[in-house]
Amino acid sequence: MKRALIPLILLALQLTLAQAQDRWTGFLGGRPQPADGLSVPTAWSPTENIAWSRETPGYGQSSPVIWDDHVYLTAVEGPNKETLHVLCFSLETGELLWDHTHASTFPEKSSVYISRAAPTPVVDAQGIYAYFESGDVIALAHDGSSRWAVSLTERFGPPENEFGLAASPVQLDDRLFILVDNDGPSYLTALGKNDGQERWTTKRTSRRSWSSPMLVPFGDSVQIVCSSDGSVDGYDVETGKQLWTYTEVGGNTSTSPVPVGVGTFMVAASPGRDGKNAELARKSNGLFQVQHGADGWQPAFAWTSDKPTPSWASPIVHRGLAYWVNRRGVVYCFDAKTGETTYTERIPQSCWATPVGVGDHLYVFGRDGLTTVLAAGPEFRIVAENTLWTEEAPPANHLPTNKEETEERRRAAAMFSRPTVYGVALVEGTIVLRTGSQVYCIRAASE
């Protein structure tokens, strides 16, 4: 059996490649999966169970993606992010198998405030599809050879967002779906995976958001669901037609709508730095359900809670419990069916990446390299705390060479200049973590 593809919070059993493609569709896994059959390490340190680590060129905030023996990463490099990288490492040895570079069609100043290779790529049996915030979409074969490349910037116009774009693509059969929400032209578009040609494009109201679209199952069909700054919307995968919309939400700009069942998914929202979305955000964290009746599609929250204050990590459901975690390290746990609070506790480190539920454990990946392993269940219990690096030997961290334009930004930049854990991929017996400029492979020692 070949290795499974499990990026970021994909909760899946070990699968064949064909099954992996059927079950994994994009960022955060794309649809609900059991993980009780997966076994990965619960303990490691800078000197134990680190199979290999490698420095990467440039900087990337996307999650790693694994296909067979290939670990794929994306990165950008240069003072204007003019060079786009798609990297392929051997999962077994860490050897760099190839580095495909592509010239950006929309160079812009590299800054810690602007996304840097934030969208996570998707893969299938034919190869990898990488989308960058410049609007460039690159399709490569598994040997690194080019298949096609298109520029959404040239096709639809340049993005307009002072903090960049971060929405990851999602895939289904022979199509890629990419969401572009920003201050300029906003849209959801479908591209053919064999040639990059436009299949359909649906215009959206301009808004500023970094949430990724998701594929949600509805019986025998699938819909594309977007939770993005003021609305939750469902679209037909074949035509791009909007099937329903729900607008009684606010602050849903950074987290993705994670599917948990047929027509159901988690939605999360935050008041934001200026607090302008505080009132609606308190009503926008919970389990969302879409049903079809005599009057058409009926979207609504099954339950909400005003307690969570999420940052960038999306909520997940594991073994009947729903979890939120924020950048302050607060973990909120609820009964996934009723929304009843189970516990609210703080872990030792801020969290930016979405947690992963695996069997009896919940893995919470701290931004500064400390992974807290919690017991999966209604009682808060720390099973292990694992440090990835030490202060004396931090990971490579290629920061922008450009100076921030204002003193306020220069002071605030220190918060975003530290090495940060952005994403993780899991396969049987192995965890792959990535920071901006380093990738680590954690593997239990052979007995």
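D368 counts as partly exposed, because its relative accessibility is 27% (buried means under 20% relative accessible area, exposed over 50%, partly exposed in between, with a 1.4 Å probe and protein chains only). This is a predicted model in which local features need pLDDT of at least 70 and side-chain atom pairs count only at pLDDT 80 or more, while totals for chains, interfaces and linings use all residues. Residues are numbered from 1 along each chain as its sequence is written, and side-chain values use heavy atoms, with hydrogens and water left out.

**Salt bridges**

- The count comes to 15 salt bridges, where a salt bridge is a side-chain nitrogen of Lys or Arg within 4 Å of a carboxyl oxygen of Asp or Glu.
- R418 is partly exposed, with a relative accessible area of 39%.
- E108 forms a salt bridge with K81, and their closest N and O atoms are 3.4 Å apart.
- E108 counts as buried at 18% relative accessibility, and K81 counts as buried at 5%.
- In the salt bridge between D173 and R175, at 3.6 Å from N to O, D173 is exposed with a relative accessible area of 53%, whereas R175 is buried with 6%.

**Strand β32**

- Six of the six residues of β32 are buried, so this strand is largely enclosed by the rest of the structure.
- Q438, Y440 and I442 lie on one side of β32, and V439, C441 and R443 on the other, and all are buried.
- β32 pairs in the antiparallel sense with β1 (residues 50–55) over five bridges (two strands pair if DSSP finds at least two bridges between them), and R54 stands opposite V439 in β32.
- β31 also pairs with β32 in the antiparallel sense over five bridges, with L433 as the bridge partner of Y440, and the two strands form a hairpin with three residues between them.

**Nonpolar core**

- The largest nonpolar core has 19 residues, of which Y363, F365, I431 and L433 touch the most other members (a nonpolar core is a set of buried Ala, Val, Leu, Ile, Met, Phe, Trp, Tyr and Cys residues joined through side-chain atoms within 4.5 Å).
- The strands that each supply at least two residues of this core include β27 (361–365), β31 (430–434) and β32 (438–443).

How values were computed: Helices (H or I, at least four residues) and strands (E, at least two) are DSSP runs, numbered from the N terminus.
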